[in-house]
Amino acid sequence: MTSPRSDTRDVVVTGLGVTTAVGQGKDDFIAALLDGRHAFGVMQRPGRQVPAGSADDTAAFLGAEMGEPVLPGSMTARTLRTASLSAKAALTTLHEAWHEAGLDLADPSRIGLVIGGSNVQQRELTLLHARHADRPEFLRPTYGMGFMDSDLCGFCTEQFPIRGFAHTLGGASASGLLAVLQAVRAVQSGQVDVCIALGALMDLSYWECLAFRAMGAMGSHRWADDPAAACRPFDRNHDGFVFGEACAAIVVERLDGRRHPTPYARFRGGATAMDGTRNPHPSLEGEVAVVEGALREAGMPASAIDYVNPHGTGSPTGDAVELQALARCGLTHARINATKSITGHGLAAAGAVEVVATLLQMREQKLHPTRNLDDPLDAAFPWVRDKAEDHAFRTALSLSMGFGGISSAICLEQW
């Protein structure tokens, strides 16, 4: 689905925030990306491994877990007591983007928030259920809010003066990029002057890990003894995705609106499409459709794209289909790397994190390496492999796909 091209070039990105396992804040994040610095290991958070004594308690789920989010000093002890990991990550990430964009000077009634992600606090809920299984009468009242996705909206708008609108948007692993596209549309339509897209940290429990592994999406036991080698997007020895905790925020607004910092980039075009399936299998037709739709709205031929940030999860089928789609759309000339090879797969947050990665690389005019790309599925693509490379580029295409047949794409142009 695309919208008319009128006014699309007037929407710009004025603020970014990011919190990941490899870096908290833009500067740490881009430094880690360019260094190829990872944080993969056996996950240690309570609720992430199968409880001892269970039938499958030998499963070792790999991932990249962040340190404690560095929170702004304005957060009260009372707020902290009931803040989940997803909420803490949202707050610190939003704080960075908010202040870079200078939103304290904006009219709160004209600021919107779109949170990409649904069911993002599963580990917290799993721990809470276990804690109160024998004494449900002691369940804290805030559970009545915390199990709803709207709780994250309430938490963020309580801490920041966002009074235009706030809602969540669920699109599985495409959620973060869908939130960016929805934020752009809200600004284009005049619903708000400024909109923040937040890719929420999806806090998995061992239940979700078990299910992902059972369906063949999450990496198996194959790399249990070598976690650093487990995440292998587009490599012939890929084994499924490896989870990575992450959260990202992108501020978009009209160029002719309030005074704002020098933008990172302008929005050129975007598209979404549905494959008409509940299954997680990728669709070549759907991915081709969103790439072509984004280019069509941007008014750009494929030859004008300098860089592609792909979905690239390490899925045995998804990676191959994505490369086929890029080739069919005439994008074999564009430089390409895989951000998830460094960060892991942030699921709901992934699309937003990768937009941030794209814009920071554009600012630096450098592309980060792709870890573990020893034997590419298609060596004809101009991969960035073992180390970061200088690359003068102005245009970029970023892709995100989600379970349920959701495909999305966005075209960005350096300011």
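**Aromatic pairs**

Phe 212, Phe 241 and Phe 403 are linked into a cluster by ring pairs. The model in which they are found is a predicted one. Seven aromatic pairs occur in the structure. One of them joins Phe 212 and Phe 241 in an edge-to-face arrangement, 5.3 Å centre to centre and with 75° between the planes. Phe 212 belongs to helix α8 and Phe 241 to the loop between α8 and β7, so this pair ties together parts that are 29 residues apart in sequence. Phe 212 counts as buried, at 15% relative accessibility, and Phe 241 is buried with a relative accessible area of 4%.

Another pair is formed by Tyr 307 and Phe 393: the ring centres are 5.3 Å apart and the planes stand at 55°, so the pair is tilted. Here distant parts of the chain are linked, since Tyr 307 lies in strand β10 (residues 307-309) and Phe 393 in the loop between β13 (389-390) and β14 (395-402), 86 residues apart. Tyr 307 and Phe 393 are both buried.

Is strand β8 enclosed or open to the outside? Nine of its nine residues are buried, so β8 is largely enclosed by the rest of the structure. In a regular strand the side chains alternate between the two faces of the sheet.

Glu 253 itself is found in β8, which spans residues 246-254. Its relative accessible area is 1%, so Glu 253 counts as buried. The side chain of Glu 253 makes a polar contact, at 2.6 Å, with the side chain of Thr 14.

In soluble globular proteins, nonpolar side chains tend to be buried together. The largest nonpolar core in this model has 56 residues, and those with the most contacts inside it are Phe 61, Leu 103, Ile 115, Ile 162, Ile 196, Leu 204 and Met 218. Two or more residues of this core come from each of β3 (62-64), α3, β4 (111-116), α6 (150-159), β6, α8 and β8. The largest share, eight residues, is given by α3. Apart from this core lies another, of 51 residues, which includes Val 18, Ala 179, Ala 183 and Val 356.

The surroundings of Ile 162 can be listed. Not counting residues up to four places away in sequence, Ile 162 touches Leu 94, Trp 98, Pro 108, Ile 111, Gly 112, Leu 113, Thr 157 and Ile 196.

**Helix α1**

Helix α1 covers residues 26-35, and within it Lys 26, Phe 29, Ile 30, Ala 32, Leu 33 and Leu 34 are buried. Against what do these buried residues of α1 pack? Their partners are β1 (11-20), α3 (85-100), α11 (340-343), α12 (350-364) and β12 (366-367). After α1 comes Gly 36, with a positive phi near 70°.

**Loop residues**

Most residues other than glycine have a negative phi, and most peptide bonds are trans. Phe 234 has a positive phi, near 65°. This residue is in the loop between α8 (206-214) and β7 (243-244), and its relative accessibility is 0%, so Phe 234 counts as buried. Gln 365 also has a positive phi, near 55°, and is located in the loop between α12 and β12. With 23% relative accessibility, Gln 365 counts as partly exposed.

Asp 275 is placed in the loop between β9 (265-274) and α9 (284-298). Its relative accessible area is 24%, so Asp 275 is partly exposed. The C-alpha atoms of Asp 275 and Ser 407 are separated by 7.9 Å, although the two residues are 132 residues apart along the chain. Neighbours within four places in sequence aside, Asp 275 is in contact with Ser 283, Gly 286, Gly 405 and Ser 407.

Note on methods. Residues numbered from 1 in each chain as written. Predicted model: local features only at pLDDT ≥ 70, side-chain atom pairs only at ≥ 80, totals over all residues. Heavy atoms only, no water. Helix = DSSP H or I, 4+ residues; strand = E, 2+ residues; numbered from the N terminus. Buried < 20%, exposed > 50% of the residue type's maximum accessible area, 1.4 Å probe, protein only. Polar contact = N/O pair within 3.5 Å; in protein donor to acceptor, adjacent residues only side chain to side chain. Contact = heavy atoms within 4.5 Å. Phe/Tyr/Trp six-rings, centres within 6.5 Å; stacked < 30°, edge-to-face > 60°. Core = buried A, V, L, I, M, F, W, Y, C linked by side-chain atoms within 4.5 Å.
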